Amino acid sequence: MALGLLVLSSCLLPSLTLAASSSGFPTSIFTVPGAFPTSIYSKYYNNPTATSAQVQPVISDPVTHEIYPLELTNPDVIATINTKDPHPLPPTASSAKLLQSAIAQVKSIANSTILNGTCAKCIASMEVAKFLALAAPEQGPTFAVELCNFFGFSSTCNATYGPHALGGVVTQVVSNADIGGLDGQMLCQNFLSLCPRPPTTPLNLTGWFAKPKPDPLPAPKTPSGERLKVLHLSDFHLDPRYSTGSEASCSSALCCRANNFNTTSPDTPVFPAPRFGTYSCDSPYALVLSALEAIPVLTDTKDADFDFMLFTGDLVSHDPENENSREFVEYSETVLFDLIKRTLLSGPVYATLGNHDSYSQAQGSPNSLDSPGANQYSWNYDHVSALWEHEGWLNGSAVQSARTHYAAYSVQRSDGLKVISLNTNLWYRPNYFNYINMTNPDVSGMLRMLTDELQESEDAGERVWIIGHVLSGWDGTNPLPNPTNLFYQMCDAFLLPNPYSSTHESLLENSVDRYSPHVIANIFWGHTHEDQHSIFYANNATNISAETALAQAWIGPSITPLTNLNSGFRVYEVDSATFEIMDAFTWKSDVNTFPDLDAQLQFGPTYAFEYSTREAYGQNITGWTDSDPLNATWWHLVTEAMEADNSLVTTFNTFQGKESVLSPTCTGDCATAKICYIRSGSASIGLQNCETGFGSVQ
């Protein structure tokens, strides 16, 4: 059955921020039919035409050949303990290893300069935990639960830190971490707020680059004038356990679930969960299918197709650790990649893993851990890479790379662009496994792989796009400083000064940047659910100006409305030779209107054109023609225009939440901070330069 189309009359549609005709697309607004497209699946566990509950399709995994049972996603029966695939525990340490570790830790404590007060107590307590984890790892989860209860860290200690949840993870981390050194300080700072934040570790890049800077530098590529159309999707967070009519204003955990309620009204929902979703919940099936139905109509790709697509992570809902499982993750991966392939019918999708595309806060561990911890997440890398191969998006060599490099890989396209996908969960702040050997900014070796790939691209004269999930900068709250500092320094060495800028020649003469201006064209992140942007500057942003702006990162809007955001997606217009972005078009759906769509099948969500990036910000940029790209220099000039006219910050802030009615205004200190965040490409720079507290509109 073909997907039904229905366009509401203009009198029923919300007003657009910019004129729809400016987008260049023939269809600027589209209302999805209210009825679920039942032909999308051949079998269902329930009645797919009902409006009182979300669909429960029968899903078969093409990789494992497993048919996922209804109990996995049944909103009325959610398992609270994962007994099928608990995290492995580290092996018992030998007496020699205990002695070696004891000596090393005492030395670390003796050399520490910050052991005082609560910080010293925290580190000393973790030393005890370390030796228990080494000597009796089976007691690690019990120890974690007891301390959690004693200090009142949580009201659900057993469910959170027990042997079937994070207990095994915490035991692994403390057994491997340098508790008396940087690892212990960061654990106590990030998870317990008992230590001051240590400074970013100075980098020594001696020997990091395989070759000296080319002399002369290769000339910038000549624009073709031909445009590619590229779709950017991010953060679906499909919630197959979404329970229509359940409490959407619950007191804790993930709302719109049958097992959560509001303590002021435990028996009757204060705000019944709408069929198409709401601001406090993840995406129900109905919302995901609505977005996928709207995209081809709005972007004029029903027949022409996208040249390719980017997906910057987070397929899985925000389930707490004790309600998550390997099977639930694999289910979400199977469902969404299949839906993208079948509904968009387009070119390849280059995807990356999000922080929720595994186990909550345990998103991946270094292969350097002792067995069985070394390969404890290989199941996920094997499964997702096999799905990418099954959908025809990756070839055999890229699949093998993804399996061996934490789902990171590179793809060399026939048009001269290389796409490098990174697993940025390896620099995500809440990932417990990132707190092992923190003095090494590249424990996993992923950034070494990135460097080698970029060197190959320089040798071959290729352009590169980098994709990942967790952004490297903005306000500094999401990533860790040391690895993103290394990434930024590499970007200082790799990223592209604007070849259209009048200052280009002086940059080539005076810049010490190793790989500019000829390799990386663009970077793409997700994770925040918000429409944001970051600029990278030469010399670690010691001089922030249009002349030193090197490259930019686009942070894609989310499909999920969690939290207090509208649903949205973006399309890029890209020069086919330089792979510079010439314009970016964003669409959004007003989640505030979703409750009115319940109990009827005529209308579904309306996705509407929101804005053209060039038109929204370019009116204040002089000397820039329509044939010049939206590169780092252009974006820096936008921030200068924002400083001169704070109404542009208001515009940016409005788009950041996809025009959500719940987004706060941004003036005064907020406006100053927002400009600073745009100019911060690493956690270190964001934390050092910017006032905190204004990073999100949630």
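A residue counts as buried when its relative accessible area is under 20%. By that cut-off threonine 586 is buried, because its relative accessible area is 0%. The model is predicted. A search of the whole structure finds 39 aromatic pairs, and the structure holds 17 salt bridges.

**Threonine 586 and its surroundings**
- Threonine 586 belongs to strand 12, which covers residues 581–589.
- Beyond its neighbours within four places in sequence, threonine 586 is in contact with Asp531, Pro557, Phe569, Arg570, Phe609, Glu610 and Tyr611.

**Aromatic rings**
- Among the 39 aromatic pairs is a stacked one: the ring centres of tyrosine 611 and phenylalanine 655 are 3.8 Å apart and their planes lie at 5°.
- Tyrosine 611 is in strand 13 (residues 606–612) and phenylalanine 655 is in helix 16 (residues 647–656), so this pair ties together parts that are 44 residues apart in sequence.
- Tyrosine 611 and phenylalanine 655 are both buried.
- Arginine 342 lies over the face of tyrosine 41, at 5.3 Å from the ring centre.
- Arginine 448 has its charged end over the ring of tryptophan 208, 4.5 Å from the centre of that ring.

**Strand 2 and its partners**
- Strand 2 (residues 227–233) is mostly covered, with six of its seven residues buried.
- Strand 2 pairs with strand 11 (residues 567–575) in the antiparallel sense over six bridges; lysine 229 has glutamate 573 in strand 11 as its bridge partner.
- Strand 2 also pairs with strand 3 (residues 308–311), in the parallel sense and over four bridges; here valine 230 stands opposite phenylalanine 308.
- A right-handed β-α-β unit is made by strand 2, helix 7 (residues 285–298) and strand 3.

**Salt bridges**
- Lysine 211 and aspartate 459 meet through their side chains in a salt bridge (3.1 Å, N to O).
- Lysine 211 lies in the loop between helix 6 (182–190) and strand 2, and aspartate 459 lies in helix 11 (residues 446–460), so the pair ties together parts that are 248 residues apart in sequence.
- Lysine 211 counts as partly exposed at 41% relative accessibility, and aspartate 459 counts as partly exposed at 46%.
- Within helix 11, aspartate 452 and arginine 448 are four residues apart, about one turn of the helix, and their side chains meet in a salt bridge (2.9 Å, N to O).
- Glutamate 330 and arginine 326 form a salt bridge (3.4 Å, N to O); glutamate 330 is buried at 5% relative accessible area, whereas arginine 326 is partly exposed at 33% relative accessibility.
- A network of salt bridges links Asp239, Arg241, Arg257, Asp319 and Glu323.

Terms used. Residues numbered from 1 in each chain as written. Predicted model: local features only at pLDDT ≥ 70, side-chain atom pairs only at ≥ 80, totals over all residues. Heavy atoms only, no water. Phe/Tyr/Trp six-rings, centres within 6.5 Å; stacked < 30°, edge-to-face > 60°. Helix = DSSP H or I, 4+ residues; strand = E, 2+ residues; numbered from the N terminus. Buried < 20%, exposed > 50% of the residue type's maximum accessible area, 1.4 Å probe, protein only. Lys NZ or Arg CZ within 6 Å of the ring centre and 35° of its normal. Pairing = 2+ DSSP bridges. Right-handed = clockwise from strand over helix to strand, strands pointing away. Contact = heavy atoms within 4.5 Å. Salt bridge = Lys/Arg side-chain N within 4 Å of Asp/Glu carboxyl O.
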